[in-house]
Amino acid sequence: MSKKFGQNFLISHPVRERIVDLLEVSEGQQVWEIGPGIGSITSLLLEKRAQVTAFEIDHGFCRILNEQAFGDDPHFRLVEGDALKTLPLSLQTEGVPARICGNLPYNVGSVILAKLLESPYRPSRMVFTLQKEVVDRICAQPGSKDWSSFSLLAQADYEVSLATTINSGAFYPPPKVTSSVILFSLRSESKVESSLRSHFFTLVRDLFAQRRKTVKNNLLGGKVGAMVGKDGVQWLLEDAQLNPSLRAEALDWEQFLALSASLASYRARYTGDTEPAR
Ligand code: SAM
């Protein structure tokens with residue numbers, strides 16, 4: 001067991017079953033699992049007769065998975081290495097699977113998830129176990145203390161819901177934090193139209209860069225400020241009818257979208273740039 005890879009096995013069978021039930025897997029479906037460990041969730045996915053691809057970094061676990069657990073199962077495939085690298089590569093070369101799941105390692109779980117959410121590939125359903133605080137931020141609504149860039153990033157394309165909270169005794173070794181299971185279901189239509197996507201994500205990152213700073217100061221100090229300059233930032237705030245002294249946590253969806261539209265029209269008007277669709 002290695003601490004550096006955030007290895008906490010989910011030893012509660014009912015929780016593992018709940019994760020697989022939430023995924024709504026059907027026979028023959030492509031399911032990717034991040035961090036299979038020695039395969040306790042994997043085996044439930046294979047029982048559902050899914051086509052499972054597992055992404056695991058630990059060489060010892062990979063040997064167990066391939067040589068002892070599922071090596072001769074034609075429905076199982078292992079991608080060894082760091083999922084931060086192997087996952088984007090597999091998405092590019094193989095396209096999007098129907099489902100992604102994982103009891104994610106605490107140290108890199110949110111980074112892996114952010115990478116997935118920013119990518120243009122969107123599975124219709126995803127279920128993850130993550131630190132409770134991270135799940136609270138993802139599911140937060142405007143105006144709450146947890147409303148963050150992660151809430152916007154996740155909710156742009158997915159309906160998100162906290163499925164269940166798990167206490168540390170469900171894991172071995174028990175982690176010091178509480179965990180939650182989160183369900184992502186793809187929206188029939190994204191909240192952010194494709195022509196505004198990269199402006200939207202740039203703005204969201206800038207606006208939450210320093211929570212205590214005002215909207216105006218975060219824009220001036222960020223990528224948007226570098227792109228449009230001081231006068232441009234002023235123009236954007238006026239065009240989107242935003243009070244420059246607000247903080248990002250006070251803005252709702254409509255205000256983020258209005259600002260994205262203003263940035264798009266500023267770029268089109270003053271630089272002739274139009275946004276490439278993603
Ligand atoms: N799925 C197993 C379970 O639920 O019992 C293990 C989950 S454990 C919390 C996280 C797993 O992710 C470990 O197997 C660990 O080796 C693997 N892991 C950690 N960092 C990884 C990375 N960057 N890429 C791929 N796998 C990683």
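A residue counts as buried when its relative accessible area is under 20%, exposed when that area is over 50%, and partly exposed in between, using a 1.4 Å probe and protein chains only. By that rule Phe55 is buried, with a relative accessible area of 2%. The structure above is a predicted model, so local features need pLDDT of at least 70, side-chain atom pairs count only at pLDDT 80 or more, and totals for chains, interfaces and linings use all residues. Residues are numbered from 1 along each chain as its sequence is written, and side-chain values use heavy atoms, with hydrogens and water left out.

**The ligand**

- A polar backbone atom of Gly35 lies 2.8 Å from a nitrogen atom of the ligand.
- Ile57 also takes part through its backbone, with a polar atom 3.3 Å from a ligand nitrogen.
- Glu56 uses its side chain instead: a polar atom there is 2.6 Å from an oxygen atom of the ligand.
- On its own, the ligand has 600 Å² of accessible area, and the protein covers 98% of it. These areas come from the Shrake-Rupley method with a 1.4 Å probe, and for residues only the protein chains shown count as cover.

**Strand 3 and its residues**

- Helices (H or I, at least four residues) and strands (E, at least two) are DSSP runs, numbered from the N terminus.
- Glu56 belongs to strand 3, and it counts as buried because its relative accessibility is 6%.

**Pockets**

- A quick word on terms: on a 1 Å grid over the protein atoms alone, a pocket is an open set of points with protein on both sides within 12 Å along at least five of seven lines, where a 1.4 Å probe fits, and lining residues have an atom within 4 Å of a point.
- The largest pocket has a volume of about 440 Å³. Volume here is the space filled by probe spheres set on the points, which are joined across faces, edges and corners.
- Its lining holds 31 residues, and Phe5, Gly35, Glu56, Asn103 and Pro105 lie nearest the centre of the pocket.
- Strand 1 (9-10), strand 2 (30-34), helix 2 and strand 3 each give at least two residues to that lining.
- Sorted by class, the lining of the largest pocket has 16 nonpolar, 10 polar and five charged residues. Ala, Val, Leu, Ile, Met, Phe, Trp, Tyr, Cys and Pro count as nonpolar, Asp, Glu, Lys and Arg as charged, and the others, Gly among them, as polar.
- The second largest pocket holds about 270 Å³ of space. Its lining includes Met1, Tyr106 and Pro173, and the classes come out as five nonpolar, five polar and two charged residues.

- Most residues other than glycine have a negative phi, and most peptide bonds are trans.
- Arg49 isn't a glycine, yet its phi is positive at about 65 degrees. Look for Arg49 in the loop between helix 2 (40-47) and strand 3 (51-56); at 44% relative accessibility, it is partly exposed.
- Gln241 isn't a glycine either, and its phi is positive at about 55 degrees. This residue sits in the loop between helix 10 (223-239) and helix 11 (253-270) and is exposed, with a relative accessible area of 71%.
- A cis peptide bond, with omega about -10 degrees, joins Tyr172 and Pro173. Pro173 lies in the loop between strand 8 (171-172) and strand 9 (179-186).

- Gln29 lies in the loop between helix 1 (13-23) and strand 2, and its side chain reaches the backbone nitrogen of Ser26 at 2.9 Å.
- Val25 is in the loop between helix 1 and strand 2, and it counts as buried at 14% relative accessibility.

Methods: Polar contact = N/O pair within 3.5 Å; in protein donor to acceptor, adjacent residues only side chain to side chain.
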